[in-house]
Amino acid sequence: MSETKSAAAAPIPMVDLLAEHSVLQPALNDAVLRVIASGSYILGTEVSALEREIAQMVGTRHAVACASGTDALHLALRAAGIGPGDEVITASFTFIGTAEAISYVGATPVFADIEPGTFNLDPASVERLIGPRTCALVPVHLFGQAAECAALAQLCERHGLKMIEDCAQSLGGDWDGRMTGAWGAAGCFSFYPTKNLGAYGDGGILTTDDDVLADTCRVLRSHGSRVRYHHEVLGYNSRLDEIQAAILRVKLPHLDRFSALRAEHAARYRERLEQHSALVMPVEHGNGRHAWHQFTLRLPDSATRDSVIKALAAEKIASMIYYPIPVHRQKVYEHLPAASLPETDRAAEQVLSLPMHPMLSDAQVDRICDVVLRVLRSVGVGRYIR
Ligand SMILES: *Cc1c(COP(=O)(O)O)cnc(C)c1O
């Protein structure tokens with residue numbers, strides 16, 4: 001009894017990077033030491049091998065590694081020729097990096113609304129915003145689930161738009177068997193430590209079938225240079241280092257297994273929490289594999305949500321609001337014309353993400369669910385459905 005009690009009091013973080021590290025530690029140590037002994041530290045054989053492995057997994061001809069997910073979006077948009085005067089439609093219910101990349105190339109982000117169930121772009125909302133200056137679409141595969149890839153790709157085809165996918169949260173996810181990152185002109189992934197495939201620092205990669213786009217991105221990431229000290233265009237310093245690539249290559253073969261564990265935790269959360277009428281579960285569209293970067297549910301209102309967050313915190317259980325302020329309401333974008341995005345605003349008021357990582361235990365998921373259900377009972381919101 002006392003043993004269960006002390007185990008139950010242990011904190012539950014959103015992600016547990018040390019737990020993931022400990023199961024792969026010997027191989028990771030070997031990889032890092034191998035790179036240090038090699039004397040080659042930036043854009044070398046490890047990076048090239050990682051590029052081949054990611055391209056193969058996503059199913060594209062090329063992958064180009066760079067310094068972050070935001071840089072992958074920036075490089076892809078620039079290589080696709082998007083620039084000043086262009087409008088790029090994207091989501092507001094996302095991380096700021098999506099819109100930042102659009103602004104970096106001098107284009108204007110135009111924010112579309114989401115579908116309430118999946119939190120992904122609503123193709124009808126996107127279509128209404130297409131105008132004479134629209135040049136590209138940046139869908140986000142939020143929380144690990146593919147956006148409506150077929151419908152969005154069709155819209156882009158019909159209106160002559162380039163599609164650049166934000167796959168920062170969706171490595172391993174697909175729509176109808178075609179991976180996220182293989183639908184657009186480019187797919188942009190992040191290796192930020194807390195992403196499904198995380199480095200031990202920053203990193204990113206973009207995937208593409210377009211030989212010219214891949215080549216342009218390789219030149220842009222390396223100071224606009226193909227031959228050392230010959231600079232054709234204004235480029236950047238956006239490289240991936242060998243140690244990060246070697247670490248990612250150790251972790252990549254485990255991604256499928258880790259994704260399967262995430263899916264099991266999601267199923268357990270769902271089974272426990274869908275019993276309560278005040279909780280709305282994330283919708284799985286069923287058109288492909290969900291990478292379960294986050295398990296994000298809805299509560300009736302932000303006051304109830306605050307009560308749940310407080311009760312979880314009192315039990316040392318983390319939870320996060322992804323995202324509390326939609327991008328179109330951020331100060332940095334207050335100069336843009338006001339957008340009316342009712343579903344985005346409503347999601348920001350209601351969503352709560354619960355701890356999600358491969359190493360969660362069933363007991364931890366149960367403990368989290370118990371707290372959530374207890375709070376709803378105590379504030380008298382909703383009821384048990386079964
Ligand atoms: C993490 C993330 C990014 C940015 O990736 P970085 O590697 O942190 O630059 C962009 N878009 C989304 C949706 C993300 O989750």
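In which hand does α11 pass α13, right-handed or left-handed? Before the answer, a word on the model: it is a predicted one, in which local features need pLDDT of at least 70 and side-chain atom pairs count only at pLDDT 80 or more, while totals for chains, interfaces and linings use all residues. Residues are numbered from 1 along each chain as its sequence is written, and side-chain values use heavy atoms, with hydrogens and water left out.

The crossing of α11 past α13 is right-handed, a term that applies if the near helix is turned clockwise from the far one by less than a right angle, anticlockwise being left-handed. Helices (H or I, at least four residues) and strands (E, at least two) are DSSP runs, numbered from the N terminus. The axes of helix α11 (residues 302-314) and helix α13 (residues 362-379) come within 9 Å and cross at roughly 135°, which makes α11 oblique to α13. Axes here are lines fitted to C-alpha atoms, for helices over the stretch in contact, with angles from 0 to 180 degrees between N-to-C directions; angles under 35 degrees count as roughly parallel, over 145 as roughly antiparallel, 65 to 115 as roughly perpendicular, and the rest as oblique. On the α11 side the contact (heavy atoms within 4.5 Å) is made by Thr304, Ser307, Val308, Ala311 and Leu312, and on the α13 side by Ile368, Val371, Val372, Val375, Leu376 and Val379. These residues divide into nine nonpolar, two polar and no charged, where Ala, Val, Leu, Ile, Met, Phe, Trp, Tyr, Cys and Pro count as nonpolar, Asp, Glu, Lys and Arg as charged, and the others, Gly among them, as polar.

Seven strands form an open sheet in the order β1-β9-β8-β5-β4-β2-β3, with mixed pairing, two strands being paired if DSSP finds at least two bridges between them. β1 (62-66) and β3 stand at the edges with a single partner strand each, so one side of each is left without a neighbour in the sheet. On average, neighbouring strands of this sheet are turned by 25° against each other, direction ignored.

Helix α4 lies across β1, β4, β5, β8 (186-190) and β9 (204-208), running at about 160° to β8, whereas α5 lies across β2, β3, β4 and β5, at about 145° to β3. In helix α5 (residues 96-104), Gly97, Thr98, Ala99, Ala101 and Ile102 are buried, and what covers them includes α4 (69-79) together with β2, β3, β4 and β5. Threonine 70, placed in helix α4, is buried with a relative accessible area of 19%; leaving aside its neighbours within four places in sequence, threonine 70 is in contact with Gly97, Glu100, Ala101 and Tyr104.

Elsewhere, proline 253 lies in the loop between α9 (242-251) and α10 (255-273) and, at 62% relative accessibility, counts as exposed.

Definitions and conventions: Buried means under 20% relative accessible area, exposed over 50%, partly exposed in between (1.4 Å probe, protein chains only).
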